[in-house]
Amino acid sequence: MASSAAPDVVIFSKTDPADPKNWSRWRKRIVVFYVCALALCSAFGSSIYATTELQIRAKYNANADTASAGLTVYVLGFSFGPLVWGPMSEIYGRKLPYMVSWPILIVMSAIDAFVDNLAVIIVFRFLTGAAAACALNNGGGIMSDLYNIVDMQAQAIAISWYAASILSGPCVALVIGFFIVAYAGPNLWALRVFFFFTIAMWPLVILLPETHGPTILAARSKKLRNEGRPNARAAHELKHQTKGELLRIHFGRPAKMFVTEPIIQGAAVWTSLSYGIVYFFFEVYTIVFFEQHHFRLQLTGLPFIAIIIGTVVAAAFYVPLVKYFQGIPLPTFIVPKETPKDAPEMRLKLALFACVMMPISLFWFAWTSSGSVHWIAPTLAGVPFGFATITLRPRQFFTFLTYTSQTYTIYASSSGACNIFARCLIGSFFPIVAHSIVDNLGSEWGVSVFGFISFCLLPIPLVFLRWGPTLRARSPMANEANAIVAKMRAQAAAAAKKAQEQAAAAAAIAAENEKAKVNIDSLDSDRSDGEMVKKLNVLTNAAEVNSV
């Protein structure tokens, strides 16, 4: 009988303290700090390997391409890891993927650090990267769990620091790593430092709270069922989707979007290029500053501080920069007059600026990279490069991700998965070809190749600015997502109205009960007063008889 009754739907109330969106500002900031620290550590592990390549070439008698394979496969792991951690976070919650992936990361990085076999190191570097991908991929979902539409500015600030952590992590690793290599002896102590770093971050994984609303509600409904409410169900549990159906959705939808959605394809092209150039620089900077400018080994990573500065500037001033560029008028043949000021395309004005800064920074670095030019010139080129890179990278939630998120709403995770896979798959090949390109073309023309490519891609943000509304209107996935959101809002409004009616009815019943209670008390009072009068009359009559 209980199973056939209407479900007892479990939802968050407007002020429910269990809803992460209702957490205090400081609690949200602590969670953001955890996510950023774990992401920085995961990204740190990618480039720390690049500092050991000279050691590896000498120790294992390997050529430059073979030595750089450890960096390539780590980034390749970034591409395949989210195929596991992404669906897991949607099915089992945000915390479980961290709890599973981080111990794997610790074990894999330990093998990298202490094994004395290059082939084994390269194989386990791939597995290390796949485990580290959880912190780089799933942090975005946590950010969306913490903030609602009212807190968009706070969300943008949190996301900007998350993005800065991901890009700064590899740069910090290079600054530190060359000092370790120079002073720690022949063993691969740079990789051992990363292993110890992962252990130090493990307590943050344990402290990280669950933020996935459906998972929290599912746990609450299970508790209510155990307490005697057998029909208690979270809203998403009413759909009765099997694990296989959920996996098909999470794998199939991103693939379909990548093939059929021009907006996804355009964003993926730009972000794959910018991501690949970052890892291309991890190899080229060593050539330019160690071999051509004759830096001491321990100082070779210091020019990456300029990229960190560009990253921090973009993160710290992202919100005011977006507002500033939204107010800059563009010719009507680029942005039509009828385009609303709050249209998603307006945020792409900052992306257009970043797309212009990318080739400028690449040409700047390329033609000042020779040893005949002072080292400060190519170093300073890292500032605009860091700014442009972090502004364009979509999974780190800057301009392109904001645009795709507003376009695909509830399918934003799928659109992000498309970009992650393409970006990491393509970017993983840049380190392994870096030495060949520079050896054959020189640092000037070798880096300029990517400057020309990025210059040729400038029309992509212009197309989005001009025809973005048309592309969004014709997108079947965007229309499907918007229809689902509209339906969810209508259901939420109906549920809120029903709750208000029930509250009003309960208040009316309570008022009637209170009124009835007052009437009963009044009757009791009247009865007691009548009895007192009767008793007084009896006493008075008795007194009169006695006096006679």
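Visitor: Which residues line the largest cavity?

Guide: This is a predicted model, in which local features need pLDDT of at least 70 and side-chain atom pairs count only at pLDDT 80 or more, while totals for chains, interfaces and linings use all residues. Residues are numbered from 1 along each chain as its sequence is written, and side-chain values use heavy atoms, without hydrogens and water. A cavity is a set of points, on a 1 Å grid over the protein atoms alone, where a 1.4 Å probe fits but cannot get out, and lining residues have an atom within 4 Å of a point. The lining of the largest cavity consists of Ala 50, Glu 53, Leu 54, Arg 57, Glu 283, Thr 286, Ile 287, Glu 291 and His 435.

Visitor: Which element gives the most to this lining?

Guide: Helices are DSSP runs (H or I, at least four residues), numbered from the N terminus. Two elements, α2 (53-60) and α13 (262-292), each give two or more residues to the lining of the largest cavity. The one that gives the most, with four residues, is α13.

Visitor: How much space lies in the largest cavity?

Guide: A volume is the space filled by probe spheres set on the grid points, which are joined across faces, edges and corners. The structure holds three cavities of 30 Å³ or more. For the largest cavity, the space is about 80 Å³.

Visitor: How much space lies in the second largest cavity?

Guide: Its lining includes Phe 78, Pro 82 and Tyr 275. The space in the second largest cavity is about 60 Å³.

Notes: 1 Å grid on protein atoms, 1.4 Å probe; cavity = no way out; pocket = protein on both sides within 12 Å on 5 of 7 lines; lining within 4 Å.
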